[in-house]
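Please find below a short note on the structure, arranged as numbered points. Each point takes up one feature, and the points may be read beside the sequence and the model.

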Amino acid sequence: VQLVESGGGLVQAGGSLRLSCSASTQTFSSRAMGWFRQAPGKEREFVAGVGWTGSTDYAASVKGRFAISRDNRKDMVYLQMNNLKPEDTAFYYCAASDEAHVLRTAYDFWGQGTQVTVSS
């Protein structure tokens, strides 16, 4: 499984960005997909996940501001980020799991990541 992220960039606090992740796999629709992020000097952390049924899960820090979605016809997963804060600044990674149900761990494949910078 290969994953390619896009859509990162520089935005002012309160702004929005939409991250996209393209997956190359014939089994995309049966995989849980997730977004993670890693800020400088910090460990990588779970941001959002979506299962094969479309069920979702979010980290408390982004709930109500971020929305994850998937398009099984296009093998794409998205992360809509609204009301961005400086603390959202990080490298964002797309991940795919061999599991089907939404989860926060046990992801098996990772993209190269895309930088999101939120200025105050």
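1. The model is a predicted one, and in it A106 has a positive phi of about 65° although it is not a glycine. Most residues other than glycine have a negative phi.

2. N83 is found in the loop between strand 8 and strand 9. Its relative accessibility is 43%, and N83 therefore counts as partly exposed.

3. Is S97 buried or exposed? S97 is buried, with a relative accessible area of 0%. It is found in the loop between strand 9 and strand 10. The side chain of S97 reaches the backbone nitrogen of E99 at 2.9 Å. Leaving aside neighbours within four places in sequence, S97 is in contact with R31, A32, L103, A106, Y107 and D108.

4. G64 and E45 are 19 residues apart in sequence, while their C-alpha atoms are 17 Å apart in space.

5. The next topic is the nonpolar interior. In soluble globular proteins, nonpolar side chains tend to be buried together. Here the largest nonpolar core has 34 residues, of which W35, V77, L79, M81 and Y92 touch the most other members. At least two residues of this core come from each of strand 3 (17-24), strand 4, strand 5, strand 7 (66-71), strand 8 (76-81), strand 9 (90-96) and strand 11 (114-119). Strand 9 gives the largest share, five residues.

6. Which residues does V77 contact, leaving aside its neighbours within four places in sequence? They are L19, S20, C21, F28, M33, W35, V50, I68, S69, R70 and C94. W35, one of these contacts, is listed with V77 among the core residues that touch the most other members.

7. The aromatic residues form a topic of their own. The structure holds five aromatic pairs. F36 and F46 form one that is edge-to-face, at 5.6 Å centre to centre and with 75° between the planes. F36 lies in strand 4 (residues 33-38) and F46 in strand 5 (residues 45-50), so this pair ties together parts that are ten residues apart in sequence. Both F36 and F46 are buried. Ring pairs also link F36, F46, Y107 and W110 into a cluster.

8. Arginine side chains also meet aromatic rings. The charged end of R44 sits over the ring of W110, 3.6 Å from its centre; W110 belongs to the ring cluster described above. The charged end of R18 sits over the ring of Y78, at 4.0 Å from the ring centre.

9. How many salt bridges does a search of the whole structure find? It finds six. In one of them, the side chains of R37 and D88 meet at 2.9 Å, N to O. R37 lies in strand 4 and D88 in the loop between strand 8 and strand 9, so the pair ties together parts that are 51 residues apart in sequence. R37 is buried, with a relative accessible area of 5%, and D88 counts as buried at 1% relative accessibility.

10. The side chains of R104 and D57 meet at 2.6 Å, N to O. This pair links distant parts of the chain, 47 residues apart: R104 is in the loop between strand 9 and strand 10 (109-110), and D57 is in strand 6 (residues 56-58). R104 is partly exposed, with a relative accessible area of 42%, and D57 counts as partly exposed at 22%. The side chains of R73 and D71 meet in a salt bridge of 3.6 Å, N to O. Here R73 counts as exposed at 78% relative accessibility, whereas D71 counts as buried at 13%. Finally, salt bridges that share partners join R37, E45, R65 and D88 into one network.

Key: Residues are numbered from 1 along each chain as its sequence is written. This is a predicted model: local features need pLDDT of at least 70, side-chain atom pairs count only at pLDDT 80 or more; totals for chains, interfaces and linings use all residues. Side-chain values use heavy atoms; hydrogens and water are left out. Rings of Phe, Tyr and Trp (its six-membered ring) pair if their centres lie within 6.5 Å; planes under 30 degrees apart count as stacked, over 60 as edge-to-face and the rest as tilted. Helices (H or I, at least four residues) and strands (E, at least two) are DSSP runs, numbered from the N terminus. Buried means under 20% relative accessible area, exposed over 50%, partly exposed in between (1.4 Å probe, protein chains only). A charge sits over a ring if NZ of Lys or CZ of Arg is within 6 Å of the ring centre and within 35 degrees of the ring normal. A nonpolar core is a set of buried Ala, Val, Leu, Ile, Met, Phe, Trp, Tyr and Cys residues joined through side-chain atoms within 4.5 Å. Contact means heavy atoms within 4.5 Å. A salt bridge is a side-chain nitrogen of Lys or Arg within 4 Å of a carboxyl oxygen of Asp or Glu. A polar contact is a pair of N or O atoms within 3.5 Å; within protein, one must be able to donate a hydrogen and the other to accept it, and residues adjacent in sequence count only if both atoms are side-chain atoms.
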